[in-house]
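Let's take a walk through this one together, stopping at a few spots worth a look. Have the viewer open and follow along.

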Amino acid sequence: MRILVLRALGLGDLLTAVPALRGLRTAFPRSEITLAAPEWLADVVARIDAVDRFLPTPELAPIDFQRPDLAVNLHGPGPQSVERLLATEPRKLITYTRQGYSDERVIATEWPAERHEVLRWCDLLQGRGIRCDPDDFRLTPAGPRTERVVVHPGASTGARRWPAERYAAVVRALGPRAVVTAGPGEHDLARQVGPAVVSGTLAELLDLVATARLVICGDTGVAHVATAYRTPSVLLFGPVPPRLWGPRRGPHQVLWHGETGDTFADEPDPGLLRITVGEVLDAAGGALCESVSSARDTSV
């Protein structure tokens, strides 16, 4: 049996879909599972242990695959992703949708608007008899813990980007153990935050976060990497509430002032701006005083 899964989004999006991917793996142990996702995510796909074949696919681009026995849309409810998968001529397609489909191949479920992203995709499969464990999101440890504190100031939108000068104040307070990381196009931002900037490959970033003592960042892919490796973190949320995208459990402290807004806005969200440098340093100090093994699990 050949299964095609579409999740052509970002790093955090992929990591929140890990329980669903592993649910498919468990349900179909002898099937070949192909994941269509952006090429730059190859290093993290290799660490999930639920995918047989990686198919580099830009977001909403044509999918170079023909006639899967089962297609699974973990991308979204929009008609574009559904049509891209139908173009591969699957025997059956499991998907969320906001509209009805007369195509007998489509097994559609209504899109749940207010649902944690991990649970959302588990629900889609469990509604079709494919059991998923939403807590099965861990990645294999990449090495022993170090004393490094990763500070990642970047985010995919301005709304989720805490001001660089505040991150810089946090880095100064942490001293030489702080390491500033930069994603593609974020090098100038990172240099505003601190001199110790690491901007290597995705594999290097994964290993750095996996072995760090603490991660400080906003609602971004690096936060989900910390969750996957159970690296203690201080996460700055806004404008999206942590009940939808935050860590469900683990040694993480979420700072959130209860204000929602436009996640695609160019300027930092007002609720995010209410988080002070002192709050971040207090949370970081508490995390650094606790051992990894004794850090409290928190649910959001």
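Start with Arg 230, which is partly exposed, with a relative accessible area of 25%. Keep in mind as you look that this is a predicted model. You'll find Arg 230 in the loop between helix H9 (221-228) and strand S11. Its backbone deserves a glance: phi of Arg 230 is near 55°, a positive value in a residue other than glycine. Why stop for that? Because most residues other than glycine have a negative phi.

Asp 49 is another residue of this kind, with a positive phi of about 60° although it is not a glycine. Look for Asp 49 in the loop between helix H3 (42-45) and strand S3 (53-56). Asp 49 has a relative accessible area of 54%, and since anything over 50% is called exposed, that is the label it gets.

While we're on backbone matters, go to Gly 238 and Pro 239. The peptide bond joining Gly 238 and Pro 239 is cis, with omega at about 5°. Most peptide bonds, by contrast, are trans. Pro 239 is found in the loop that runs between strand S11 (233-236) and helix H10 (242-245).

Now for the aromatic rings. How many aromatic pairs does the structure hold? There are four. Take Tyr 96 and Trp 111: their ring centres are 5.4 Å apart and their planes sit at 90°, so this pair is edge-to-face. Tyr 96 belongs to strand S5 (residues 92-97), while Trp 111 is in the loop between strand S6 (106-110) and helix H5 (117-126), so the pair ties together parts that are 15 residues apart in sequence. Tyr 96 and Trp 111 are both buried. Bring in Trp 121 as well, because ring pairs link Tyr 96, Trp 111 and Trp 121 into a cluster.

Trp 162 and Tyr 167 make another edge-to-face pair, at 5.0 Å centre to centre and with 90° between the planes.

Last stop: empty space. Rolling a probe the size of a water molecule over the atoms shows where such space is left. A search of the whole structure turns up one cavity of 30 Å³ or more, and the largest cavity has a volume of about 180 Å³. Its lining is made up of 18 residues, and Thr 16, Val 118, His 224, Thr 227 and Pro 247 are the ones that lie nearest the centre. Helix H1 (11-16) and helix H9 each supply at least two residues of that lining, with H9 giving the most, at four residues. What sort of residues line the largest cavity? The lining divides into 11 nonpolar, five polar and two charged residues.

Notes
Residues are numbered from 1 along each chain as its sequence is written. This is a predicted model: local features need pLDDT of at least 70, side-chain atom pairs count only at pLDDT 80 or more; totals for chains, interfaces and linings use all residues. Side-chain values use heavy atoms; hydrogens and water are left out. Rings of Phe, Tyr and Trp (its six-membered ring) pair if their centres lie within 6.5 Å; planes under 30 degrees apart count as stacked, over 60 as edge-to-face and the rest as tilted. Buried means under 20% relative accessible area, exposed over 50%, partly exposed in between (1.4 Å probe, protein chains only). On a 1 Å grid over the protein atoms alone, a cavity is a set of points where a 1.4 Å probe fits but cannot get out, and a pocket is an open set with protein on both sides within 12 Å along at least five of seven lines; lining residues have an atom within 4 Å of a point. Grid points are joined across faces, edges and corners, and a volume is the space filled by probe spheres set on the points. Ala, Val, Leu, Ile, Met, Phe, Trp, Tyr, Cys and Pro count as nonpolar, Asp, Glu, Lys and Arg as charged, and the others, Gly among them, as polar.
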